[in-house]
Amino acid sequence: MKILNVDQIRALDQSTIEHEPIAPINLMERAALAFVDWFVDHFPNTTPVKLFCGLGNNGGDGLAIARLLLEREFPIEVYVVRYARRESDDFMHNHRRLKLLTENIRYVEVAQEIPGLRHNELIIDAILGSGLSRPTEGIVKNVIDVINRSPATVVAVDIASGLYVDKPNAPSDTIVEPDYTITFQLPKLAFMLPKNSRYVGDWHIVDIQLHKRYIDLAPTPYYYTQSRDARLLLRKRDKFSNKGSFGHALLMVGSYGKMGAAVLATKACLRSGVGLLTVHVPKCGYDILQIAVPEAMCRPDGNPNVLTGTPDRGASELGSPTPADYAVVGIGSGIGQAPETLDMLKGLLKTLKKPMVIDADALNLLSENRELLKQIPPNSILTPHPKEFERLTQKWDNDYQKLDILREFAQKYRVVVVLKGANSAIATPDGDIHFNSTGNPGLSTGGTGDVLTGVLTALLAQNYDSVEAAVLGVFAHGLAGDRVAAKRGQIGMVATDIIEALRWE
Ligand SMILES: NC(=O)C1=CN([C@@H]2O[C@H](COP(=O)(O)OP(=O)(O)OC[C@H]3O[C@@H](n4cnc5c(N)ncnc54)[C@H](OP(=O)(O)O)[C@@H]3O)[C@@H](O)[C@H]2O)[C@@H](O)CC1
Ligand SMILES: Nc1ncnc2c1ncn2[C@@H]1O[C@H](COP(=O)(O)OP(=O)(O)O)[C@@H](O)[C@H]1O
Ligand SMILES: [K+]
């Protein structure tokens with residue numbers, strides 16, 4: 001699903017009006033109805049509602065919502081925040097319609113006119129929407145402060161008042177902090193960014209049938225991966241396939257004290273459809289891996305504790321293939337940053353031509369030796385968490401700058417970067433960014449990143465292209481986390497649960 005910028009959202013509105021065709025006021029009615037459908041599904045009509053609206057079309061939506069909720073017998077009070085003297089046409093129209101139904105519309109021009117708000121009430125925020133053009137001030141700011149201090153549940157219409165759709169707010173801006181945001185048709189870029197979390201709450205999209213062709217043709221670098229997008233990428237298995245059809249992967253993982261990371265990546269790789277898997281571990285990890293994961297072959301390193309890349313003598317006598325002989329190499333989980341391991345990484349980057357998966361300490365080694373970055377095979381997948389990404393690049397002032405740095409990095413080195421976290425952002429060599437929709441804070445526990453490394457390595461081994469592998473793998477990993485959360489809650493979740501919950505269907 002695409003994420004459009006604010007100018008495109010405005011143009012989409014116009015395009016819908018012209019091509020459907022539909023009168024603007026009827027489009028507003030459709031938006032209000034879609035909001036109300038969600039609302040009545042979530043709150044009983046005994047809940048007292050206070051609705052605050054502005055004077056633009058977000059306020060117009062608010063007035064239409066008020067009318068529809070009154071018709072559904074919600075006890076609702078309407079407050080028009082009169083910050084200016086100019087109302088939009090559709091606001092005026094809905095104002096007239098609401099007045100036919102109730103005299104109970106109040107106007108807030110000064111702070112004394114702001115009502116008290118109680119915890120058992122619901123607040124609907126329809127003060128400002130996507131038309132925000134400057135920081136909130138004056139009476140708008142006063143009302144938002146009162147809303148934010150109140151214990152009431154807050155639902156924002158389209159976007160929280162004061163939050164920009166696609167550009168950074170200043171830290172001093174006053175913005176509504178909703179419990180829910182019900183947004184029209186498309187997700188907004190602002191919703192994807194960690195620092196905005198309190199200005200978004202739990203957000204949901206409602207479909208208001210905006211012009212589909214406009215959306216299909218609109219150019220954008222931003223995408224939001226939902227279930228149907230991920231499912232389209234998933235390939236079915238051919239009836240006559242065999243294990244050779246799904247690639248032979250090599251994982252280079254683990255060190256003394258961190259063999260758990262190796263085991264997790266290994267199990268996840270096997271649970272993600274790899275045909276054959278060999279795991280290169282330090283000698284100390286040989287028994288551990290062979291016992292923990294009988295399905296994997298093991299290539300012990302000559303070094304007892306860390307990876308050097310040179311197989312143990314016994315193993316080399318078997319005539320082990322070299323890393324370049326495998327369909328894909330996944331490296332990093334639990335490998336540490338020993339000098340020998342750095343040498344091994346340097347050697348690999350010199351010889352490998354196929355896309356690899358690079359995670360954890362392999363990324364930290366690259367951060368310390370940035371001259372190696374240009375040797376990474378094109379279309380490799382790098383999976384840093386934000387701290388690792390900062391080490392690889394630089395500090396950022398805000399989340400939008402972080403996205404710019406992310407995009408530039410992926411383009412410069414021709415790699416796919418999975419910047420992990422809530423709504424993991426996947427940057428492609430072409431400059432696109434795909435935000436993931438699955439996952440939850442239960443995944444914030446040691447080892448879940450190692451699981452992702454295994455998943456992505458398996459997908460590359462099966463010949464998925466790197467962008468597809470990253471988008472699909474990150475989605476499936478998060479979805480597994482959501483399945484675990486639904487079954488046993490977020491708090492007790494461990495990385496092994498994620499592996500068990502992976503499903504490829
Ligand atoms: N597009 C769609 O798909 C659909 C959109 N719909 C709805 O329309 C909404 C967008 O409406 P909108 O464009 O009228 O903008 P909105 O946010 O109501 O306010 C603009 C007014 O506020 C003013 N203003 C700006 N900043 C301010 C500030 N800090 N403090 C005070 N004032 C400020 C600004 O002034 P100006 O910048 O012109 O000087 C202008 O007068 C959208 O969020 C959705 O709810 C649906 O109905 C149908 C489908
Ligand atoms: N709050 C969250 N919401 C969604 N996903 C999360 C959240 N926190 C962490 N994750 C996911 O969990 C994984 C954590 O990876 P990482 O930090 O590398 O962990 P580790 O190094 O312990 O394996 C990533 O896939 C990340 O996207
Ligand atoms: K709003």
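Reader: Which residues of α2 meet α3, and which of α3 meet α2?
Author: From α2, the residues are Met-28, Glu-29, Ala-31, Ala-32, Leu-33, Phe-35 and Val-36; in α3 they meet Asn-57, Gly-60, Asp-61, Ala-64, Ile-65, Leu-68 and Leu-69. Residues are in contact if their C-beta atoms, placed from the backbone, lie within 7 Å. Helices (H or I, at least four residues) and strands (E, at least two) are DSSP runs, numbered from the N terminus.

Reader: What is the make-up of that contact of α2 with α3 by class?
Author: The contact of α2 with α3 has ten nonpolar, two polar and two charged residues. Nonpolar covers Ala, Val, Leu, Ile, Met, Phe, Trp, Tyr, Cys and Pro; charged covers Asp, Glu, Lys and Arg; the others, Gly among them, are polar.

Reader: Before I go on, what kind of model is this?
Author: It is a predicted model, in which local features need pLDDT of at least 70 and side-chain atom pairs count only at pLDDT 80 or more, while totals for chains, interfaces and linings use all residues. Residues are numbered from 1 along each chain as its sequence is written, with chains lettered from A and ligands numbered from 1 in the order in which they are written.

Reader: Back to the helices: at what angle do the axes of α2 and α3 cross?
Author: The axes of α2 (residues 24-42) and α3 (residues 57-71) cross at roughly 55 degrees and come within 9 Å. Axes are lines fitted to C-alpha atoms, for helices over the stretch in contact, and angles run from 0 to 180 degrees between N-to-C directions. The two helices are therefore oblique to each other; under 35 degrees counts as roughly parallel, over 145 as roughly antiparallel, 65 to 115 as roughly perpendicular, and the rest as oblique.

Reader: Is the crossing of α2 and α3 left-handed or right-handed?
Author: The crossing of α2 and α3 is right-handed. A crossing is right-handed if the near helix is turned clockwise from the far one by less than a right angle, and left-handed if anticlockwise.

Reader: And α15 with α16: what is the angle there?
Author: Helix α15 (residues 448-461) packs on helix α16 (residues 466-488) at about 140 degrees, with axes 9 Å apart. That angle makes α15 oblique to α16, and α15 passes α16 in a right-handed crossing. By class, the contact has eleven nonpolar, three polar and no charged residues.

Reader: Changing topic, what is the strand order in the sheet of seven strands?
Author: The order is β3-β2-β1-β4-β5-β6-β7, in an open sheet with parallel pairing. Strands pair if DSSP finds at least two bridges between them. The edge strands, β3 (105-108) and β7 (202-206), each pair on one side only. Neighbouring strands of this sheet are turned by 20 degrees against each other on average, direction ignored.

Reader: How many bridges join β5 and β6?
Author: Three bridges, in the parallel sense. Tyr-180 in β6 is the bridge partner of Val-155.

Reader: Which strands does α5 lie across?
Author: Helix α5 lies across β1 (49-53), β2 (76-81), β3, β4 (122-126) and β5, and runs at about 145 degrees to β2.

Reader: Where is Ser-150 found?
Author: Ser-150 is in the loop between α5 (138-149) and β5 (153-157).

Reader: Why does Ser-150 count as partly exposed?
Author: Ser-150 counts as partly exposed because it has 17 C-beta neighbours inside 10 Å. A residue is buried with 20 or more other C-beta atoms within 10 Å of its own, exposed with 12 or fewer, and partly exposed in between.

Terms used: Two residues are in contact if their C-beta atoms, placed from the backbone, lie within 7 Å.
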